[in-house]
Amino acid sequence: MSDAVAATSTTEKLTTADGKPLKAALARSQARNRRRAFYLVMPLLLFVVVTFLIPIGQMLSMSVTNTGFYSWKDRDTGETVPLMVELREWFDANPAGTEPDEAAYAALRAGLAHARETKSIGQIGTRINYEVSGTRSMFTSTARKAERMEPPFKEAILDADDEWADPKLWAAMRNASKSVTLDFYLAALDRTRDADGNIVKVEEERAVYVLLFQRTLILSALITFLTLVLGFPIAHLLATLPLSKSNLLMIFVLLPFWTSLLVRTTSWIVLLQSQGVVNDIGVAAGLIADENRIQMIYNQTGTIIAMTHILLPFMVLPLYSVMRPIDPSYVRAARSLGATSWTAFRRVYMPQTVPGIGAGGLLVFILAVGYYITPALVGGSSGQLISNLIAFHMQKSLNWSLAAALASLLLAGVLLLYWLYDRLVGIDNLKLG
Amino acid sequence: MTEPANRPFVEFDRVQKSYDGETLVVKDLNLQMPKGEFLTMLGPSGSGKTTCLMMLAGFETATHGEINLDGRSINNIPPHKRGIGMVFQNYALFPHMTVAENLAFPLEVRGMDKSEREAKVKRALEMVQMGAFAARRPAQLSGGQKQRIALARALVFEPELVLMDEPLGALDKQLREHMQFEIKHLHESLGITVVYVTHDQTEALTMSDRVAVFNDGVIQQLAPPDELYERPQNSFVAGFIGENNRLEGTIESIEGSKATVRLKTGELIDATPVNITNVGQQTLVSIRPERVEFKPENFDPGAHTIEAEVLEFIYMGDSFRTRLRVAGHDDFIMKCRNMLGQERLTPGRKLPISWHMQDARALDPM
């Protein structure tokens, strides 16, 4: 038998005993196992596709969708009706910055009249209102009169409301007249287009997003740092104690995990509010004057304290899982080689915990960047994060495209961070538990 | 001890150690080592040998007593100031550093400048024949290579005392034997003092100048390897070092260095009494299998013989083992060299056996 194998291997392709190619036989014998393995992971695969990939895809497409001024979906018939067709043609024919002429106003009138007919004028007004506030009512009132207007339409429309001559309004309509746009990303970065189509900063008082992105990143970094500083010694203690004691301590670390997020956050309100436990104790002990109670909640401090507490286990667990298998003989070896305990820690112990620091840091930071409930409850106005604004656009202003653009930027930021981490530390060094 | 040095280099003086305040792991340890000695602490796990090593290295504190190094008490000196090299069982090579960085570490923390550091690292690597591996990481090395690097790292800063905690425990047999020689040669060529901990008696016997046999927190015997093997002081040492046949009995009579022992089954045998003085005392006679004789021409004239029945004959290659029934024991082993013309005993045969009196040692019954 071994002779036969040796002979065939020197000539050409290996075959099985009955002459079939060996590779094909191997593939066939493994196909069954591979198929079974695939069936086992299929539910999860479907779940991930449905709950993760599709929503992200939708979010990305929503962030560039600009249909408010472009098309209208009739609720009764279900048909999609194009809007402002004539005006869009005029925008295509004339470059940005062109003074709107009679033809432009005629196109606008036709569009407004059509919009009133199809009951889509509310949507159009809302869309332009995102960019030029106070215009929603202008659209509805002018559209009411559009049906009966006589040429010249420019005069007729300006008669109805002389705000129609505002070049900013025309720039906004031009921007809104494309079905796909990156303008929501501009808006998410506090940028807009002026009348000539150039990208400019929005007015000081309307610029909120960049500030909030900055605040979110800074607070998240601070919270990550705080969880690291607080979590590192705990994780070390857990890793070095005998298992029976460390299990008990681990329960205390995990206890917050098993308690409702809402309960934990509200208990911070009980503790930190100006008539709360901490202030009361301070006053009773004479450390704080009764009239100068410290404001620790409904501001950034509240957000930081509550989020650090809530995210701490996400730092402790990866650190613990990295520290547990580090043999104490490494530090002993360093000590016997002449290193002080600080040098041994810095040069020998700490570098070995880097995968845990990285994993914990990444985990906490990513969670903090997207955190919503806690800042909403204890953040006041100065402790709000970008996710609170995303929620605002989802629920209140209904500017879903802007919300999607903000969320996409957040996603891009996190991916960038992930990439950076991979470059600096190496993602295969990540150890989550 | 027997060394001429007036001051021991390493000294344990009435050292005791307890972890929980209830039991003593090390009980009243007294030990003196001259400079340049290779001393092995041998014992079963839990016998206190590793604890002694850790106290010497400074990772455990003695509950009572003094540990002196070169005439100075080191009880209150932190480990990094003791200047003791140490090799760990799992090597403890820093995984995030290359081999060269591992070796440079002890020099770096001593503030040595770079060129001197590099020269020393190079020399240390060549000493263990690992010069080509300077840029590797520990994970890329085999067990034996890691062991050499660990050794080189413990020696690179030229300590006078090197501690080794079962350094060859994780290696396979062949490599272990090879490394035993290398360590021994390094010890001889560098003139360092070595304290070596192991539970492997072969390792202890082949490498050491002296062996301290630990059991139950006490040194049972401290002696050179040959003395330990041939003249064990008590039944624990006799049983722990090498193979050994045991026969229980009572002392019938003592004449100088000769004791006659009556076994439980009534036979009389000759033995050398060790720490035994009273007639009528219980004793355990220990005889090495290779010292048992069955050819009458080799018997000591005038010595007692004892009847034995061959139960099993085992061919071992270089030797034959014969399992005998002697005085009611089924596990009495006799070992003979596989020489030309050596007789192979067949099971069922009955024959008298004997031994030289100094090969049978009447020890305290444990």
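Analyst: Residues 37-56 of chain A are 100% helix and 0% strand, with 27 Å between the end C-alpha atoms; helices here are DSSP runs of H or I with at least four residues, strands are runs of E with at least two, and both are numbered from the N terminus. This is a predicted model, in which local features need pLDDT of at least 70 and side-chain atom pairs count only at pLDDT 80 or more, while totals for chains, interfaces and linings use all residues. Residues are numbered from 1 along each chain as its sequence is written, and chains are lettered from A and ligands numbered from 1 in the order in which they are written.

The span 37-56 of chain A comes from an unreviewed UniProt entry, which lists it as "transmembrane region" along with 217-241, 248-271, 304-322, 356-378 and 398-421; positions follow the numbering used here, feature names are shortened, and annotations may be inferred rather than shown by experiment. Residues 217-241 of chain A are 96% helix and 0% strand, and their end C-alpha atoms are 35 Å apart.

Between the chains, 15 residues of chain A and 19 residues of chain B make up the contact, where two residues count if their C-beta atoms, placed from the backbone, lie within 7 Å. On the chain A side, α15 (328-336) and α16 (341-369) are the elements giving two or more residues. The largest share, 6 residues, is from α15(A).

Chain B is assigned domain 1 (10-235) and domain 2 (244-363), with bounds from an automatic or database domain assignment. Their centres, taken over C-alpha atoms, are 39 Å apart. In contact are 4 residues of domain 1 of chain B and 6 residues of domain 2 of chain B.
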